[in-house]
Amino acid sequence: MNNIDKDPKIGVFLCHCGDNIADTVKIKELKKELSKNKELVVKDHLFMCSESGQNLILKTLTDENIDRVVVASCSPKHHWNIFKNCIQQKLNPYMWEMANIREQCSWVHSDKEEATKKALSLITGAINKVKYHEPIGTKEVHLNRDVLVIGAGIAGMHASLELADKDFHVYLVEKSPSIGGNMTKLGRTFPTDDCSMCTVSPIMNEVNSHPNIELMTLSEVVDFSGRPGEYIATVSTTPRYVNPDKCTGCRLCTEKCPVSIPSDYELGLEETKAIHIPFDSCVPEIAVIEGDACLKIAKGKCGICEKICPADAIEYNQKAKARKLKIGAVTVATGYQQMDLSGTEYNYEHPDVINGLQLERMITPSGPTGGKIICPSTGQAPKAVTFIQCAGSRDQRHKEYCSNICCMYSSKNAKITRSKLPDAVINMCYIDIRAPGRRYEEYYRMLREADVKMIMGRPSEIMEDQNGKLYFDVFDKATDKFLQIKPDLIVLATALEPSKGTKEMAELLHLQYGMDGFLSPLHVKIAPVDTTTEGIYIVGTAEAPKSIQACITDAASAASRTATLLKEDKSIIDLTTAEIDSEKCTKCGRCIEECNYSAITDDYEIIDIACRGCGKCVAVCPEGAIDIRHLTNNQLKAQVDGILSVDPDSIIVYATETCGYTAADIAGTSRREYSTKVKIVKLPCVGRLSVDDMIYPFEKGAKGVMVVACPEGLCHYIDGDAAAKEKVQEAKKILDKKNIGGKKLRFVPIVSPDGIKFQKICQEEAAKIKEVPND
C-alpha cells in the first residue's frame, strides 16, 4: 500500500541521556558511521527531550529541509508524546520513528563495542522503516461525557465527587449493598487517630445526594466494549428483594427474621439475619435480603418480613437486571482484600488468631464487641496480645511485596490496645518498621512510648500447647535472644492483595497487571493512574496497597485525567487504523471474520472510529490487500531488513506493545543484562503477524525469532495472542520443511512487569544459536 519515497531526507537525532546512554553506547562513533549515509542528517544532544534538544530538532528540520525523523533515545513509552508534539510543529506527526537505545540497549549491555553495534542496528532498522512512512490523517469523533466509576470505596467515592463537581454525570457501580468500602470497617485512621466513620460517613452521604451521581449498588460490570470516549458497559444488578423507595430502615424485619448468618461486614465476629441493614450509617440505608439464606426465597417458607413490614417494602419476586451504559471514560477503584492465611504457619484457623481488620471491628464502639478487645474463644479480655507484622507479606512463599500500610495501622492498633488494656503485655514482632509518610515517624515514636515490646524477628509456626494455649518461638535480632511468646490473642498484619473484583476487571477491561496481581499503570512515574487503554484509569488499592491519603490523591488525579479527555463533546483522533486496497481485495471475508470490533463493512470499507489498529486483519488477508497505516507490511519488513543489515546473526523479537515491549523495558530499568543479539520490534499486537512475517527474518539470515505476547485472557485486543500462537505453530512446520528448524521460532506469553522472565528467555534463545546452527 505505501511505497518508499524517492530520496527522502532523514534527520537522525542521537540522545546521550546524560550518561545513561553515552556511558555504554559510543555516540561519537555512532554519529560518524551514520553520517556516511548522505541521505541522513545526524545530530546529537546531551538531553534530546530538553527544550534545547527539541529546538535542535526543529531548527534542523527547517534548515535541512528534513521530511523524515528518527530519534534514538529512551523508550517510546517514556517520551513518545514529547517528541511527537515537537515534530508535528514541522511535519505530520507520524513521519518519524523512535529507536530505543536506552532501556533495550545501553541499560542491558556492558560491552561497549557490542552495545554500540546493537544501537546502530536498531537505528538502521528505524531508518529503513521511516522511509515507508506516510502522513496519517485525523478524524473528528463524538465523545460521551458520562463517566463510569467501578468501586465505591474511598477512592471511588472521591473520584465520583471530583467528576460530579466538574459537571460530569457519574455512574458509580458498587457490588456491595452499601458504598464506603473497607474504610467503613476501621475504628480510627492514622496518623491523626480520627474516627474513621466520622470521616467517611459525610462523604458517603454527599455521594448519595449529589445530583450528578447515579448510585448503583449490588451491581457489577459484566460486559465492556467500545473505544475511548464512546465505551459501552453492561451492568448487572442483583435483586435486593426490598423496594428502595419504600424501605425506611426501621430494622423491624431484622428483629423478627428467624434465620441467622455470619456477618460479612463484621468479618465473622458476629452474626446478622437473612434480612438486614448492612451496618450502622450505611448508604443507602436500605435492608437487603440474602437470597440463598432466606427461607421464603430459597424454600418458599416463612415470609415473616413481608408480613410485618410497615412500609410494604418486601418484594420477593425481584429479578436481576442488566443495563447498558454509554460512557466516555472509566475509573477502576475495585480495591483490595486481605490474604487468607488459612492453612499456613500462622494458624489462622484458631479463633484467637485474628487479622488487623478484625481487631478494628472490636475497637469500634459500634462493632460486635462494643469497643472491647476480647479473645473470641472465651469472650474475655486478653492479658497478653502479640502483633505480628508482614504476615504473608515480604515472603517468597506468599506475597513478595510490602503491603505498605501495615506498619502504621498496627502501630495505631497497638496504641489503642494499650489504652484499652493498660495492664496487658503487648508485643510486636517485626522485620523492620517502615514509616515513610508525613508525620509517620512521629506517630511511630508515640507507639514506642506506649509500653509495647518490640521484637525484631519473624515468628516460627504458631502452635498450641496441650492446654490449647497459643505459643510460638522467635529470635529477637535486636537483643540477640531466643524467645518463646505465649499470647492470649494474636493480631496478624495480613498481606493485602487485589480484590476479586480487581482481578475480574483486569480480564474484562483487558488491563495489564503486575507480578503482584495489582493493576499496572501506563507508567509508574509519569502516568500513575493511566492504563494502556486511553480513557480507563486506575486508582487506590486496585493499583497497589496504599494509604487513605494516597487513594484520595489518586482519585483527584484520575478525575483530572478524565476531565482532560472529555473536556468537550468532540475530539480529534489520529487514523492509525486499517485501510483496504480495493484493487487487490477479492472480498473473501477473512478480514471481516477476524475483526473483533465490527470495523469492516460488508462493502469492505473501514469504519475508522471502530477500528482499533490491532492488525489482525492484515495477518489473515491472502492478497495483501489490507494494511494498518502505522505498521504496514513494507514498514515491518524494512525494519527487519535494517536490523539484519548491521547484524545478520540477530534474534528478532516481535513484542506486543502492552506486555512484551514493556517487559523488555522493565528488564532495562532493572539493568538485567542479556545478549546483544536480541533486537526488539514493537507491534501494537502480535496478532498483527502473519506466518510470512514470522518466517521472513529467517530468510534474511536471522538466527532466531521470538513472538512475545500478552498472557492468555489479557490481550489488549481480546484474542490477538491466540491468533499469533496458532500462526507460530503453522510457521514452525514450514521452517522444519525448509530445514531451518521450527525450534528457532518461539512463542512466549509474558506479563508486562516481568523483566526477569524477559531476560531469561533472551538468554535461552541466545544459547540456542550455537546449539542449532542454520543449514
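Contact here means heavy atoms within 4.5 Å. The model is predicted.

**Threonine 334**
- Setting aside neighbours within four places in sequence, threonine 334 is in contact with Ile150, Ser499, Gly501, Thr502, Met505 and Ala542.
- With the side chain of threonine 502, the side chain of threonine 334 makes a polar contact at 2.7 Å.
- Threonine 334 sits in the loop between strand S18 (329-332) and strand S19 (336-338).
- Its relative accessible area is 18%, so threonine 334 counts as buried, the limit being under 20%.

**Helix H5**
- Helix H5 covers residues 112-130, and its end C-alpha atoms are 27 Å apart, which agrees with the 27 Å that its 19 residues should span at 1.5 Å a residue.
- Of the 19 residues of H5, 14 are buried, so the helix is largely enclosed by the rest of the structure.
- The N-terminal end of H5 is capped by aspartate 111, with a side-chain oxygen 3.0 Å from the backbone nitrogen of glutamate 113.

**Aromatic pairs**
- There are seven aromatic pairs in the structure.
- One of them, tyrosine 265 with phenylalanine 279, is stacked, at 4.3 Å centre to centre and 10° between the planes.
- This pair links parts of the chain 14 residues apart, and both tyrosine 265 and phenylalanine 279 are buried.
- Tyrosine 401 and phenylalanine 518 have ring centres 5.7 Å apart and planes at 75°, so the pair is edge-to-face.
- Tyrosine 401 and phenylalanine 518 are 117 residues apart, and both are buried.
- Trp80, Phe83 and Trp96 make up one aromatic cluster.

**Charges over rings**
- The charged end of lysine 682 sits over the ring of tryptophan 80, 5.9 Å from its centre.
- Arginine 671 lies over the face of tryptophan 107, 3.8 Å from the ring centre.

Terms used
Residues numbered from 1 in each chain as written. Predicted model: local features only at pLDDT ≥ 70, side-chain atom pairs only at ≥ 80, totals over all residues. Heavy atoms only, no water. Helix = DSSP H or I, 4+ residues; strand = E, 2+ residues; numbered from the N terminus. Buried < 20%, exposed > 50% of the residue type's maximum accessible area, 1.4 Å probe, protein only. Polar contact = N/O pair within 3.5 Å; in protein donor to acceptor, adjacent residues only side chain to side chain. Expected span 1.5 Å × (residues − 1). Phe/Tyr/Trp six-rings, centres within 6.5 Å; stacked < 30°, edge-to-face > 60°. Lys NZ or Arg CZ within 6 Å of the ring centre and 35° of its normal.
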